[in-house]
Amino acid sequence: MSGTQRPGKSSASFEAHAFVSLQKAADGLAQQVEQLLKANDLTAAQYNTLRILRGAEPEGLACSSIADRMISHDPDMTRLLDRMEKRALITRQRQNNDRRVVKTRITPQGLDLLKTLDQPVHDLHKRQFQHVPGARLKLLIELLDQVLEKDPSARSKSCS
């Protein structure tokens with residue numbers, strides 16, 4: 001019997017335990033980020049969308065490309081983008097060369113909001129992981145990348 005397996009525990013129990021631990025950790029970390037974003041009248045999905053669009057400047061992205069890059073699946077990207085457009089955080093423009101494609105871009109107001117959040121979010125992540133040595137964080141990242149590589153989640157696109 002290996003030193004990592006407890007008596008009476010099957011290998012499947014380790015996978016289940018890993019899954020539950022990962023879910024609990026992700027939920028706890030995400031709740032802290034959500035509290036920070038809520039103070040700035042943003043949801044985690046809106047924040048993620050703004051970060052994606054900042055990285056796609058100046059070209060912008062089609063809705064389906066934004067959905068592909070999201071951390072958490074949003075069942076209705078179109079409605080999410082509608083709310084953000086009403087707040088003047090993004091713009092959307094139908095393309096002349098292909099009328100089916102609508103490019104979404106971040107506005108200067110959206111960029112300013114992200115800029116004000118960059119340091120507080122960075123500081124929060126530092127606090128969240130301050131008790132974990134850098135080498136262990138690197139290993140965690142490698143392990144999570146390995147899990148994602150083996151079974152990438154299929155994202156259904158919900159843009160219309």
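# Exercises on a predicted protein chain

The side chains of Asp 118 and Arg 54 form a salt bridge, with 2.9 Å from N to O; here a salt bridge is a side-chain nitrogen of Lys or Arg within 4 Å of a carboxyl oxygen of Asp or Glu. This is a predicted model, in which local features need pLDDT of at least 70 and side-chain atom pairs count only at pLDDT 80 or more, while totals for chains, interfaces and linings use all residues. Residues are numbered from 1 along each chain as its sequence is written, and side-chain values use heavy atoms, leaving out hydrogens and water.

**Exercise 1.** Determine which helices the salt bridge of Asp 118 and Arg 54 links.

*Solution.* Begin with the pair itself, Asp 118 and Arg 54, at 2.9 Å from N to O. Asp 118 belongs to helix α5 (residues 108-129) and Arg 54 to helix α2 (residues 44-55); the two are 64 residues apart, and the pair links distant parts of the chain. Helices (H or I, at least four residues) and strands (E, at least two) are DSSP runs, numbered from the N terminus.

Asp 118 is partly exposed because its relative accessible area is 31%, and Arg 54 is partly exposed because its value is 30%. Buried means under 20% relative accessible area, exposed over 50%, and partly exposed in between (1.4 Å probe, protein chains only).

**Exercise 2.** Identify the residues that share salt-bridge partners in one network.

*Solution.* First, Arg 92 meets Asp 82 in a salt bridge (2.3 Å, N to O). This pair joins strand β2 (residues 90-94), which holds Arg 92, to helix α4 (residues 77-86), which holds Asp 82, across ten residues. Second, Arg 92 also meets Glu 85 (2.8 Å, N to O). Glu 85 is partly exposed, since its relative accessible area is 32%. Salt bridges with shared partners therefore join Asp 82, Glu 85 and Arg 92 into one network. In all, the structure holds five salt bridges.

**Exercise 3.** Describe the overall fold pattern and the extent of burial of the protein chain.

*Solution.* Count the elements: six helices and three strands. Read along the sequence, their order is α-α-β-α-α-β-β-α-α. Then turn to burial: 23% of the 160 residues count as buried. Finally, take the contacts (heavy atoms within 4.5 Å). Among those with a separation of 6 or more, 56% are between residues 24 or more positions apart.
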